[in-house]
Amino acid sequence: KAPAAHPHYAEMVAAAVTSLKERGGSSRSAILKYILKNFNVGAEEKKINAHLKLALKAAVAKGTLKQTKGTGASGSFKM
């Protein structure tokens, strides 16, 4: 299998949150828009959103992201 043309979702999420620089944290939809615009992930938004959801939950559980609002993969996220 050929390697992906984009970095891991965890890296893309981290790049999105740091570059968006929102004071209260970045929403999932804003992170999704940033990833679609700046990385070569394809056009299937449903599939990308599913991967993003898992990456956000894993990052919050690991402690690399802090959830400022909401629960699960909804709400706002900070580094």
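Two strands count as paired here if DSSP finds at least two bridges between them. Helices (H or I, at least four residues) and strands (E, at least two) are themselves DSSP runs, numbered from the N terminus. With that in hand, Lys 66 stands opposite Lys 78 in strand 3, and Gln 67 stands opposite Phe 77 in strand 3.

A word on the ground rules. This is a predicted model, with residues numbered from 1 along each chain as its sequence is written; local features need pLDDT of at least 70, side-chain atom pairs count only at pLDDT 80 or more, and totals for chains, interfaces and linings use all residues. Side-chain values use heavy atoms, leaving out hydrogens and water.

**The sheet**

Those facing residues belong to a pairing of strand 2 with strand 3 (residues 76-78), antiparallel and held over three bridges. Zoom out and you get an open sheet of three strands in the order 1-3-2, with antiparallel pairing. Strand 1 and strand 2 (66-69) are the edge strands, each pairing on one side only. The hairpin of strand 2 and strand 3 has six residues between the strands, and Gly 70 in that hairpin takes a positive phi near 80°.

**The whole chain**

The protein chain has three helices and three strands, following the pattern α-β-α-α-β-β along the sequence. Its C-alpha atoms fill a box of roughly 35 × 20 × 20 Å along the principal axes. What radius of gyration does the protein chain have? It comes to 12 Å, which agrees with the value near 12 Å for a compact globule of 79 residues; the radius is taken over C-alpha atoms, and the globule rule is 2.2 Å times the number of residues to the power 0.38.

Of the 79 residues, 27% count as buried. Buried means under 20% relative accessible area, exposed over 50%, and partly exposed in between (1.4 Å probe, protein chains only). Contact means heavy atoms within 4.5 Å; among contacts between residues at least 6 apart in sequence, 45% join residues at least 24 apart.

On the charge side, the mean positions of the 14 positive and 4 negative charges are 8 Å apart. Lys and Arg count as positive and Asp and Glu as negative, while His and the chain ends are not counted. Each charge is placed at NZ of Lys, CZ of Arg, CG of Asp or CD of Glu.

Which residues of helix 2 (residues 28-38) are buried? They are Ala 30, Ile 31, Leu 32 and Ile 35. The buried residues of helix 2 pack against helix 1, strand 1, helix 3 and strand 3.

| Residue | Relative accessibility | Class |
|---|---|---|
| Lys 21 | 71% | exposed |
| Ala 61 | 67% | exposed |
| Gly 42 | 48% | partly exposed |

Lys 21 is in the loop between helix 1 (9-20) and strand 1 (26-27). Its phi is near 50°, a positive value in a residue other than glycine.

Gly 42 is in the loop between helix 2 and helix 3. Leaving aside residues up to four places away in sequence, Gly 42 touches Leu 36 and Ile 48. Gly 42 and Ala 5 are 37 residues apart in sequence, with 9.4 Å from C-alpha to C-alpha.

Ala 61 is in helix 3 (residues 45-62). Ala 61 and Gly 72 are eleven residues apart in sequence, and their C-alpha atoms are 10.0 Å apart in space.
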